[in-house]
Amino acid sequence: MSQRTERVEKLARQVLGESISELKDPRIGFATVTRVRITADLRHARVLVSVLGDESEQDATIAGLNSAKPVLRAELGRQVRMKYLPELIFELDRGTETAERVERLLHEIERERKGEEMRWNVDDWDATVETLRSAKAATLACHVNPDGDALGSLLATHLGLKKMGVGSTPTWGTSPAKIPFAYTWIPGAQDIVQPEDAPAAEVFIALDCGAADRLGDLEGPAHASKRLINVDHHPGNENFGHLNVVVPDASSTAELVAGLLQDAGVEFDRDIATCLYAGIVTDTGRFQYSNSTPATLRLAADLLEYDVPAPAIAQEVFESSPFAYLKLVGHVLERAVLHPDASFVYSWFTRSDLEESGVDMDETEKLIDLVRSTRDADVAAMFKEQPDGRWRVSMRSKSGVSVGALARARGGGGHELAAGFTAPDLEATVASLLDELRGAA
Ligand SMILES: [Mn+2]
């Protein structure tokens, strides 16, 4: 069964459950919808109902539900998007595991309350799946300076489209688009083209781009396309596409891509699974951050079934650096400054630090993790001098302080607990951050 059908059934169960509890018919007793099963032709929905009480109470409830069919069906049509509005067939659930089912239901309700199961309820989802299925050709771009999720979602989409016979071109808007050292192994890397060579396809798919300007040199071509699809999980994404699959609750863009590809009918293979896994494992910090939900772990587990080389990925992405990097780490840690009154720690490196150590800019992503590991600060920042002399600032938070908001206020973006922005001056930026953080403390 497709994820989509499963979702619709769940949603239908919820909607029917709620609507039934509001019916005034005295025949209807304490009824719980335990399961909704939609037939393969989508024309009928079998609604299993467990009713507390004896047989006559159960029969009366079913009779009451049968008379309420038109109302319930209309309510279903109003709240759940479906191709056909199915005919409802009420059946008594006499299963011996009713108690167990009720238990499981309560558990699911609890999870839904936390917003985990509703995450895929996106208006443009079906239209996006349809566009992927029917496209002849698509140009795909992730954000500039790609990380694991950007590359993983880019190349998983690319490999999936290829499997469906869609002419797909993956790239991103930095010239030259050079794959970071930690990801040279990623499947599909050999298909990446330079942004200036990307064809002007009818469909343009932006992946993991929190804002249109994250497309870099490709922002113009993206907007010029007939159909711009925006697949992303950054809060604050302004739905810059014609179709937007933007789910801030998703762990990663890769998690969204997994669902889209599945619904488009793409069969996963080792390469696609490896790309998706790479995206998820990096954006969840190896399944350690709060965005790593039971559903995320279940998806990761499914991906491992395809023989994904998880230990090798961990080694390449998290445990591998050139010797020169150790020297740079030494400098950065030596320089770190702690402001206990603001619960803030930061450090920095310059262009000449990079030149002297021979370390590549894209090797420096993990420095922030070392700086933020001190228990004496909740908020951490890493300042990286750019070729133009400005500073790229990465921020992390362990507390209620939203570094996403701090970054957005400074023209940047990101998530609540991990974000970044660019600033002209290091000292002035530190001073203004301190002001705000002391205010927040
Ligand atoms: Mn991401």
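Colleague: Let's start with one side chain: which residues does leucine 276 touch, not counting residues up to four places away in sequence?

Modeller: A contact here means two C-beta atoms, placed from the backbone, within 7 Å. On that basis, and leaving out residues up to four places away in sequence, Leu276 touches Gly152, Ala156, Ala254, Val257, Ala258 and Leu303. Keep in mind that this is a predicted model: local features need pLDDT of at least 70, side-chain atom pairs count only at pLDDT 80 or more, and totals for chains, interfaces and linings use all residues. Residues are numbered from 1 along each chain as its sequence is written.

Colleague: And which residues touch the most other members of the largest nonpolar core?

Modeller: First the terms. A residue is buried if 20 or more other C-beta atoms lie within 10 Å of its own, exposed if 12 or fewer, and partly exposed in between. A nonpolar core is a set of buried Ala, Val, Leu, Ile, Met, Phe, Trp, Tyr and Cys residues joined through C-beta atoms within 7 Å. In this chain the largest one has 65 residues, and Ala206, Leu276 and Tyr277 touch the most other members. Helix 9, residues 270-283, gives the most to this core, with 8 residues. There's also a second, separate core of 30 residues, including Val403 and Phe421.

Colleague: How are helices counted, and how many helices and strands are in the chain?

Modeller: They're DSSP runs numbered from the N terminus: helices are H or I with at least four residues, strands are E with at least two. The chain has 16 helices and 14 strands.

Colleague: At what angle do helix 9 and helix 10 pack?

Modeller: Helix 9 and helix 10 (residues 294-304) come out at about 150°, with axes 9 Å apart. That makes the two roughly antiparallel, a label for angles over 145 degrees. On the helix 9 side the contact is made by Ala273, Leu276, Tyr277 and Ile280, and on the helix 10 side by Thr296, Leu299, Ala300 and Leu303.

Colleague: What share of the whole chain is buried?

Modeller: Buried residues make up 41% of the 441 residues.

Technical notes
Axes fitted to C-alpha atoms, helices over the stretch in contact; angles between N-to-C directions. Parallel < 35°, antiparallel > 145°, perpendicular 65-115°, else oblique.
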